[in-house]
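Work through the exercises below with the sequence and the model side by side. Each task is followed by its solution.

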Amino acid sequence: MQNAKKFNERITIGLVPGLDDLKQLKELGYKTLIDLRDEEELFGGYVKKHARELGLNYINIPVQRDAIQLSDVKMFYEKVYARGSAPLYVFSRLGRKPLVFLLLFDAVLQNQPVVKIYRRASQLGFHLEDDLAFQNFLFKLHNSEEFNQMVDAIRQSRTDLFKDAKAPASAPEEQYDFEVDTITEQLLRITGAYSQTKDAVLLQQSLSDLTATLAKGKS
C-alpha cells in the first residue's frame, strides 16, 4: 500500500484506503481498521461498507483535529490495544491523527520529552513543528495527570505488550539525548508554555525575545 507506515509489529498507519487497498489489507491478514476521520470527511462511508463486506472489523472514532476530546483519545487506545485486534490499520485523511496519538502514548509510557515525538514523527515522514493544533494537544496532555493514569492503566492491562515499561511519571523533566536545533527547541518550549498558561502577553514577549536574540546573532 502506498503511503502506509509501519508503526510497530501490530500497527500500520496510513491514509484513507481504496477498495484495492482494503483487499490487500485483507490478504495480508489485517483484522481491524480504525478510522479517525470526522463526520465531514467520511464522504458516504464507502470504507466502512467495503471493509465490512470483506470481513474486516471497522471502527470509526470521529476526531476533530482542532477540538480533540480526551474521551475520543481514550477510546482510540482501548481499541488499538484490545486483545485480538491486531494487526491493525489506523488512518485519517492525512495520517497525522493516529500518528500523534500513538507517539504521545509511547512518549508518556517511556517518560520521554515532547521533542522526542517531533523527532520520531519526522523519521516517519511527518513534520509536526508547524502544526499548532497538534502542538497544543501534545503539550496539554503530555504533562496531564489524567493522561498519565490512562497510559498506566493500559500498561497494566497489557503487560504482554509493555512488560518492560515503567509506570509513567507526572510532568517529566525535558531532557534531550540527541542534538536538537536550538531555535526549534526554544519554539517548542514557548508554544508549550502558552498551551499551559494561555498568556498572550507572555507569548508575545517570549517571541520578541527570541527574535531579538536571532537578530543579535546575525549582526
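**Exercise 1: the chain as a whole**

Read along the sequence, the protein chain runs β-β-α-β-α-β-α-β-α-α-α-α-α-α. The model is predicted, so local features need pLDDT of at least 70 and side-chain atom pairs pLDDT 80 or more, while totals for chains, interfaces and linings use all residues. Residues are numbered from 1 along each chain as its sequence is written, and side-chain values use heavy atoms, without hydrogens and water.

Task: state how many helices and strands the protein chain has, and what share of its residues is buried.

Solution. Helices (H or I, at least four residues) and strands (E, at least two) are DSSP runs, numbered from the N terminus. The protein chain has nine helices and five strands. Of its 219 residues, 41% count as buried (under 20% relative accessible area; exposed is over 50%, partly exposed in between; 1.4 Å probe, protein chains only).

**Exercise 2: two packed helices**

Task: describe how H4 and H7 pack.

Solution. Step one: H4 (residues 96–109) and H7 (residues 145–157) pack at about 85°, their axes 10 Å apart. Axes are lines fitted to C-alpha atoms, for helices over the stretch in contact, and angles run from 0 to 180 degrees between N-to-C directions. Step two: H4 is therefore roughly perpendicular to H7 (65 to 115 degrees). Step three: with contact meaning heavy atoms within 4.5 Å, H4 contributes Leu104, Phe105, Val108 and Leu109, and H7 contributes Phe147, Asn148, Val151, Ile154 and Arg155.

**Exercise 3: backbone exceptions**

Solution. Most residues other than glycine have a negative phi, and most peptide bonds are trans. The bond from alanine 86 to proline 87 is cis, with omega near -5°. Proline 87 lies in the loop between H3 (70–80) and E5. Phenylalanine 43 has phi near 50°, a positive value; this residue lies in the loop between E3 and H2 (46–53) and is exposed, with a relative accessible area of 61%.

Conventions:
Angles under 35 degrees count as roughly parallel, over 145 as roughly antiparallel, 65 to 115 as roughly perpendicular and the rest as oblique.
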